[in-house]
Amino acid sequence: MFNQIKTSAKNKDAVTILTRKFGLGAENVIARIAIASSLQSGVKFSPLDVKDSGGKEYSKSVLFGSHYPMYAALMCKHYGIRMSDKDLPRYFKLHLDDGLEAIMKDVKDNPNLVGFDYLFDKIHLGLDSIC
């Protein structure tokens with residue numbers, strides 16, 4: 001079990017930049033989108049791949065709100081693990097950092113991105129992948 005997750009030092013600024021750029025609400029919103037986006041991409045990590053933890057800190061309750069069971073279920077399904085797996089927090093951190101880096105790359109490649117348009121595009125891609 002865990003109580004908090006920190007981004008890498010590199011992604012500390014990414015959280016602030018993306019939150020301001022997209023205007024989707026509090027900083028935990030972009031973090032949730034980053035985790036979901038990384039999971040949707042299909043990438044899998046080794047729990048040993050964890051980068052530094054010198055960035056933005058989120059408590060579990062702030063990061064996930066009441067949706068923790070849903071995020072945990074998605075992560076467990078993705079890795080074929082149980083909710084009691086000791087590496088579950090590492091996977092969350094890895095996908096948080098990966099998602100933030102990918103979104104920052106998207107913004108650098110297309111500086112005119114708008115938050116809701118970006119989010120709808122991601123939702124559309126996710127729906128296309130399951131249909």
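Which helices do the buried residues of H4 pack against? In this predicted model, they pack against helix H2 (27–41), helix H3 (60–64) and helix H5 (88–109), and the close-up views below begin with H4 and then turn to its surroundings.

**View 1. Helix H4 and its buried face.** Helix H4 covers residues 68–79, and its twelve residues, at 1.5 Å a residue, should span 16 Å, which agrees with the 16 Å that separates its end C-alpha atoms. The buried residues of this helix are Tyr68, Tyr71, Ala72, Met75, Cys76, His78 and Tyr79. Seen down the axis of H4, these buried residues fall within an arc of 160 degrees, so they line one face of the helix. Just after H4 comes Gly80, which takes a positive phi of about 65 degrees.

View 2. If residues up to four places away in sequence are not counted, Ile35 touches Leu63, Phe64, Tyr71, Met75, Phe92, His95 and Leu96.

View 3. The structure holds nine aromatic pairs. In the pair formed by Phe2 and Tyr68, the ring centres are 5.9 Å apart and the planes stand at 70 degrees, so the pair is edge-to-face. This pair links distant parts of the chain, with Phe2 in the segment before strand E1 (4–6) and Tyr68 in helix H4, 66 residues apart. Phe2 is buried, with a relative accessible area of 7%, and Tyr68 is buried as well, with a value of 11%. The rings of Phe64 and Tyr71 have centres 5.2 Å apart and planes at 50 degrees, so that pair is tilted. Phe2, Phe64, Tyr68, Tyr71 and Phe92 form one aromatic cluster.

**View 4. Lys60 over two aromatic rings.** Lys60 lies over the face of Phe2, at 5.4 Å from the ring centre, and its charged end also sits over the ring of Tyr68, 4.3 Å from the centre of that ring.

**View 5. Asn11 in helix H1.** Asn11 is found in helix H1 and is buried, with a relative accessible area of 1%. Leaving aside neighbours within four places in sequence, Asn11 is in contact with Asp97, Leu100 and Glu101.

Technical notes. Residues are numbered from 1 along each chain as its sequence is written. This is a predicted model: local features need pLDDT of at least 70, side-chain atom pairs count only at pLDDT 80 or more; totals for chains, interfaces and linings use all residues. Side-chain values use heavy atoms; hydrogens and water are left out. Helices (H or I, at least four residues) and strands (E, at least two) are DSSP runs, numbered from the N terminus. The expected span of a helix is 1.5 Å times one less than its number of residues. Buried means under 20% relative accessible area, exposed over 50%, partly exposed in between (1.4 Å probe, protein chains only). The arc is that of the directions from the helix axis to the C-beta atoms. Contact means heavy atoms within 4.5 Å. Rings of Phe, Tyr and Trp (its six-membered ring) pair if their centres lie within 6.5 Å; planes under 30 degrees apart count as stacked, over 60 as edge-to-face and the rest as tilted. A charge sits over a ring if NZ of Lys or CZ of Arg is within 6 Å of the ring centre and within 35 degrees of the ring normal.
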